[in-house]
Amino acid sequence: QAAVAALASNQKILIAAGTYNTTQILAVPAGTTNAVIRGATGNRADVVIQGPGMGDSSVPHGIYTSGATGLVIADLSVGNFYYHPLALYDVQQVRVYNVRVFDAGQQLLKSNPTAGATQFDGKVEYSVFEYTTTAPSDYTNGVDVHRGANWQIRHCLFRNIRAPAASPIAGPAILMWNGASDTLVEGNTFLNCARGISFGLTSKVGIDHSGGIIRNNVFHRSSSEPGDVGIMVAASPGTQVLNNTVFVSPDHDLVIVWR
């Protein structure tokens, strides 16, 4: 906790193998450039950073930053937080690599800029986003990015992004919206998620997302799981959807939709 609070530009924190029970948010200082937080062994299962639980608000986030550029988070696991294990606000060129993100009260990775700003060139790769069972409510996503430009989400596994049985269905596992553009979502796998990939969220006047490519992804939801479509494009002109495999439970006859 002290090391992250003191992290400066162009510094790297290597975290030794172990389970770390946090008592406060791991807050990367605003304005930090090209800093790295990485597990020392290269195996994400060896380094586990966890909060007090999805129902305990005393530590609302795991790793948090507002205003960092070039931040790298890699080779570790982070989860069991009241809001977001990864709360990455007003970031540019952020990279999340080989990270397991699990069990959050809301979104697993949340990225939201200040009004009117754009977040450029994020990369989320070779990572796992999952719930051990289900989210506490339907208000969840795996990766939720507002006004992100040129983000890439590649070769990740999204598992059990779903709500409790009595709730409405959970949000999309990947949601790029609210002015996002030119996202590449490629080579990901979705298992038993209520919804898969969504560029834009609702039918609206104007543009929710623009451009981008959704390709070579695999979405599978079993017949016992309720849910919506595997891929949705909503108010997102110029988006390409190429060579995806979508298998959903028999109670839903739409698998890829434009809205």
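Which residue forms a salt bridge with Glu-125, and how far apart are the closest N and O atoms? The partner is Arg-95, with the closest N and O atoms 3.0 Å apart.

## Basis of the model

This is a predicted model, in which local features need pLDDT of at least 70, side-chain atom pairs count only at pLDDT 80 or more, and totals for chains, interfaces and linings use all residues. Residues are numbered from 1 along each chain as its sequence is written, and side-chain values use heavy atoms, with hydrogens and water left out.

A salt bridge is a side-chain nitrogen of Lys or Arg within 4 Å of a carboxyl oxygen of Asp or Glu. By this rule the count comes to ten.

Glu-125 is buried, with a relative accessible area of 5%, while Arg-95 is partly exposed at 33%. Buried means under 20% relative accessible area, exposed over 50%, and partly exposed in between (1.4 Å probe, protein chains only). The network of salt bridges links Arg-95, Glu-125, Arg-154, Glu-186 and Arg-215.

## A second pair from strand S9

Arg-100 forms a salt bridge with Glu-130, the closest N and O atoms being 2.6 Å apart. Arg-100 is in strand S9 and Glu-130 in strand S13, 30 residues apart. Arg-100 is partly exposed at 25%, and Glu-130 counts as buried at 8%.

The largest nonpolar core has 54 residues, of which Leu-76, Leu-86, Leu-88, Phe-129 and Phe-158 touch the most other members. Such a core is a set of buried Ala, Val, Leu, Ile, Met, Phe, Trp, Tyr and Cys residues joined through side-chain atoms within 4.5 Å. Leaving aside neighbours within four places in sequence, the contacts of Phe-129 (heavy atoms within 4.5 Å) include Val-101, Leu-108, Val-143 and Phe-158.

Tyr-131 lies in the loop between strand S13 (128–130) and strand S14 (143–146). At 1% relative accessibility, Tyr-131 counts as buried. Not counting residues up to four places away in sequence, Tyr-131 touches, among others, Met-54, Asp-103, Pro-136 and Arg-159.

Key:
Helix = DSSP H or I, 4+ residues; strand = E, 2+ residues; numbered from the N terminus.
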